[in-house]
Amino acid sequence: MYEPIISITPPPGCNLNGAGGKLFMLAPRWDKATYVSRDDGAAAFSYLSTLTYSSKTGAPEKAVAEHIKMAYSSPGATKPVNPAKKIPGQSASNPLDRLFRDADRRKKNRSEAIKVCEKYWGKKYSQNSKYQCDEFPFATTYQGAAQSLSEPTAPKQNNFSAMPLVTAENRDAGILLGQFMTKNRIIDAKDDGFIVQIK
């Protein structure tokens with residue numbers, strides 16, 4: 001991160017009014033994350049990015065958007081059962097963080113979600129790959145289904161939602177997620193969060 005401090009000295013015969021203070025500057029971040037792009041590195045402004053999914057008819061990610069909307073509005077009605085769920089990703093105070101480098105943890109996230117799909121919809125929930133087990137928060141985030149297994153201080157288990165969705169729609173939403181992370185240069189870190197909004 002780079003954040004300059006600027007001071008202003010008025011020319012002779014002039015005075016500055018006001019209390020003074022630091023000028024606001026949105027600090028840029030430089031990185032060389034090759035999994036974001038293959039360039040020599042780039043700068044990105046450090047602000048909380050918002051992934052927007054559409055739940056409107058015809059949107060390729062509609063099914064996933066509706067799943068996330070339900071997870072946000074009625075978390076206790078989602079699977080696995082946990083009436084005290086507080087699913088992250090809705091606000092700046094509780095964002096999602098990209099998980100890229102730890103492939104084993106991403107696999108654990110998916111594995112925990114699949115266990116839920118099998119428990120509530122049966123071992124053959126996929127119906128020969130017609131459906132995939134969709135999970136939110138995404139398996140590619142630190143807040144995924146296995147968070148409590150990887151972080152002792154994380155919220156207790158079952159602070160996520162999983163359900164079978166049509167494979168094509170689940171994949172389309174995944175493509176949009178990948179494009180969002182590349183465009184906004186989201187890096188693997190707990191200090192480069194993003195939120196998800198449903199329209």
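This is a short tour of a predicted model, from the whole chain down to single residues.

**Stop 1: the whole chain**

Show the C-alpha trace first. Along its principal axes it spans about 80 × 40 × 40 Å. The radius of gyration is 21 Å, whereas a compact globule of 199 residues would have one near 16 Å.

Switch to a cartoon. Read from the N terminus, the order is β-β-β-α-α-β-α-β-α-β.

Now turn to contacts. Take those in the chain with a separation of 6 or more: 73% of them join residues 24 or more positions apart.

**Stop 2: the surface**

Of the 199 residues, 41% count as buried.

Colour by charge next. There are 28 positive and 19 negative side chains. The centres of these two sets are 5 Å apart.

**Stop 3: the disulfide**

How many disulfides does a search of the whole structure find? The search returns 1. Select Cys117 and Cys133, whose sulfur atoms sit 2.1 Å apart.

Check the torsion about the S-S bond. It is about 80 degrees, so the disulfide of Cys117 and Cys133 is right-handed.

Are the two cysteines buried or exposed? Cys117 has a relative accessible area of 0%, so it is buried. Cys133 is at 11%; the cut-off for buried is under 20%, so Cys133 counts as buried too.

At 42% relative accessibility, Cys14 counts as partly exposed.

**Stop 4: Ile198**

Jump to strand E6 (residues 194-198) and pick Ile198. Why does Ile198 count as partly exposed? Its relative accessibility is 21%, and buried requires under 20%.

Display the contacts of Ile198, leaving out residues up to four places away in sequence. What does Ile198 touch? Its partners are Tyr53, Ser55, Ala65, Ile68 and Lys69.

Finally, draw a C-alpha to C-alpha distance from Ile198 to Gln90. It reads 9.7 Å, although these residues are 108 apart in sequence.

Methods:
Residues numbered from 1 in each chain as written. Predicted model: local features only at pLDDT ≥ 70, side-chain atom pairs only at ≥ 80, totals over all residues. Heavy atoms only, no water. Disulfide = S-S within 2.5 Å. Buried < 20%, exposed > 50% of the residue type's maximum accessible area, 1.4 Å probe, protein only. Helix = DSSP H or I, 4+ residues; strand = E, 2+ residues; numbered from the N terminus. Rg over C-alpha atoms; globule rule 2.2 N^0.38 Å. Contact = heavy atoms within 4.5 Å. Lys, Arg positive; Asp, Glu negative; His and termini not counted. Charge placed at Lys NZ, Arg CZ, Asp CG, Glu CD.
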